[in-house]
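Thanks for sending this one over. Here are my notes, written for reading alongside the coordinates.

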Amino acid sequence: MKNGMRNSAETQLRTALRTLKKPLIGISAISCIGNVLMLTSPMFMMLVYNKVLSSKSLPTLAALTFLALLLYAFYGLLEGLRGKLMARVGITFDHRLAPTLFEATLKLPLHFGPHARNHDPLQDLAAIRNYLMGPGPVALLDLPWMPIYFAILFFVNPILFLAAAGGALLLVILSLVNEFVMKGTMKSASQVHAATMTILMDARRNSEAAAAMSMGDDLCKRWGSGYVNTISHARDLADHASVFGAISKTVRQVLQSAMLALGAFLVIEGQMSPGAMIASSLILARALTPIDQVIGHWRSTSAAWHALSRLRSLTSKLPKATQQQHGMPRPNHSLSARDVAIVPPGAAVATVSGVSFEIEAGDALGIIGPSGCGKSTLVRALVGAWPTARGEVRFDNALIGQYSPDALADAIGHLPQSIELFDGTIAENIARFRKGTTSEQVIEAAKMAGVHDMVLAFPLGYDTPVGEGGTTLSGGQRQRIGLARALFGNPFLVVLDEPNSNLDPLGEQSLNDAIHQMRQAGKIVVIVAHRPSAIFAANKILSVRSGRAEMFGPKEQVLAALFPRIGQPHKPSQMPGQQSGNTPVVQSGLAVASSNESEAPVAGQTVRLDNSATATVTSLDATRAQRANAHVS
Ligand SMILES: Nc1ncnc2c1ncn2[C@@H]1O[C@H](COP(=O)(O)OP(=O)(O)OP(=O)(O)O)[C@@H](O)[C@H]1O
Ligand SMILES: [Mg+2]
């Protein structure tokens, strides 16, 4: 078996930057030739002044003009070629990194928590690509050839050289001061902009709640204060840019005229010919052009640089790929968690710790426990979406990290609590947007989830678009399509987080049938549940409380052992983590499922747990809560 490591995003970024080197060297060589050709104009002018005007020779003028035209044409060709090459460099850089950064974008909230959503690596990549395709880098590539012009000025007259060098230095200092002053404002402008965008996107996502509770005005005020800040930052930046632009333009003009005056002085003193004076003035203009352009494109250069720094820092913080083994056999035997602790991304403390269990092919594990006890957190680690802070999750005997993402995609089906459908058709969602899937595979998964008839009832059947997040479907329909997606491809492990929270009895029946079929086919199913009917088909139970495994074992034994504690009348505060007295939790449901609510089954007694008990559970639990409340008051 071969060991392999997928190239990390950090390595890919480094490689992409390295591959820029060769084309940039080529383009730099073109810049060099172009800059030499730029001397055509001053040389032509000097020769016309000094040779043609004094000799009055028309053939010389014609020959010089012809030569100059040829050189200009060549220069034009090179400029065009350089622009085209830079555009291709930008696009190639983007192509190389876009898929990696798309993947990094998906991983951001999983590694750095919800706040990481403010960072958009693909936007940073677009900023770098646009910069590479624009005039900014060309100006930078012209910069190294500036000494050619200064060397010529030196040979024409050292005093002119000193004046020109002083002027260039002044412009450079000005741009450095500008960068220093703007840096803070630019940084806080981009932070405020990102925060404002988050508020806007959040409000848009929750527009129904906002409309139903007339939250529009308050949300607008919340967004508005950030927006005003964004505008004031934009104003500061624009003010600053215009002041700086005006200063550098004025300095540039003063410098040009001062050089001409100095040249005239040197001509009067007999140290230079008038032709050389005009030519040196042109050469100075040419020498200062790259500085001018670099200053002109400074904002985009600095934005691209900051974008690159952000990408570097992000990719260096993303966890490196673990040592994956190629050709690992598909897991078909067991799933185990050993002393697992999980810290949610972006959080500081573990919300699940010390959880251990092992289940085998043919098992269905029900994970139960009150709200917020860590059930979803645990299953996120079981499917590899969240990393474990301690302990390990193993399929068969291999660590989950040893399987390649493709192998895991084949082995795992997951229905998250929030369902999370994607904009596309029902068939695409069931097929997980995988290319090359057949309709037979989609229908097989749909049939197994018991949704085939439901899908066919839509006018467009499997081609029905579900809308962004599945919004054109009802909650129950979304959940059932999510179940079919989890079952697609016949995975070895199917993890269902609250799979029946939106289901009617027919949906629950289909769910239980699917779990039975999975078990019979020698697969493993993990079901997180509040409602007893969801764990009807489970044969093992893991009870979680406050992030810790409270009990694990065969369903009947665990339920019987749990029963005495919660079977007694209790105050709501005696149910840690439960939010309201009338929310049925599995444990209370089980208690009621026995014939007499105050009569606890003894260990070993079979506890009835079926769909018919669910309705009773709800009402009796509510009655019990009322009693408890009355007791409290
Ligand atoms: N991204 C996160 N960052 C910080 N804390 C989190 C995050 N996600 C969950 N938690 C915390 O972890 C704890 C467990 O949450 P989890 O969603 O696993 O509970 P649960 O048992 O699935 O609850 P429910 O039955 O209501 O779905 C909660 O206290 C929650 O606040
Ligand atoms: Mg949950």
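The points below go from the whole chain to its sheets, its helices and the ligand.

1. A word on the overall picture first. Please keep in mind that this is a predicted model. The chain has 633 residues, and 34% of them are buried. Its secondary structure comes to 21 helices and twelve strands. Among contacts with a separation of 6 or more, 77% join residues 24 or more positions apart.

2. Now to the six-stranded sheet. This sheet is open, its pairing is mixed, and its strands run in the order β8-β9-β10-β5-β11-β12. At the edges are β8 (412-415) and β12 (548-554), each of which pairs on one side only. On average, neighbouring strands here are turned by 15 degrees against each other, direction ignored.

3. How many of the residues of β5 are buried? Five of its five residues, 364-368, are buried, and the strand is described as mostly covered. In a regular strand, side chains alternate between the two faces of the sheet. In β5, Ala364, Gly366 and Ile368 point one way while Leu365 and Ile367 point the other way, and all are buried.

4. With strand β10 (residues 524-529), β5 pairs in the parallel sense over five bridges. Within that pairing, Ala364 stands opposite Val525, and Ile368 stands opposite Ala529. With strand β11 (residues 540-545), the pairing of β5 is again parallel, and it runs over four bridges. There, Ile367 stands opposite Leu542.

5. For β7, pairing with strand β6 (residues 390-395) is antiparallel and runs over two bridges, with Ala398 in β7 as the bridge partner of Phe395.

6. Next, a helix pair. The axes of helix α3 (residues 58-112) and helix α4 (residues 121-133) come within 9 Å and cross at roughly 175 degrees. Angles over 145 degrees count as roughly antiparallel, so α3 is roughly antiparallel to α4. The residues of the contact of α3 with α4 divide into 16 nonpolar, two polar and two charged.

7. Finally, the ligand. Which residues are the closest to ligand 1? They are Pro344, Thr351, Ser371, Ser376 and Thr377, out of 15 residues that surround ligand 1. By class, the shell around ligand 1 has ten polar, four nonpolar and one charged residues.

Technical notes. Residues numbered from 1 in each chain as written. Chains lettered and ligands numbered in written order. Predicted model: local features only at pLDDT ≥ 70, side-chain atom pairs only at ≥ 80, totals over all residues. Near = placed C-beta within 6 Å. Nonpolar A, V, L, I, M, F, W, Y, C, P; charged D, E, K, R; others polar. Buried ≥ 20, exposed ≤ 12 C-beta atoms within 10 Å, placed from the backbone. Pairing = 2+ DSSP bridges. Contact = placed C-beta atoms within 7 Å. Axes fitted to C-alpha atoms, helices over the stretch in contact; angles between N-to-C directions. Parallel < 35°, antiparallel > 145°, perpendicular 65-115°, else oblique.
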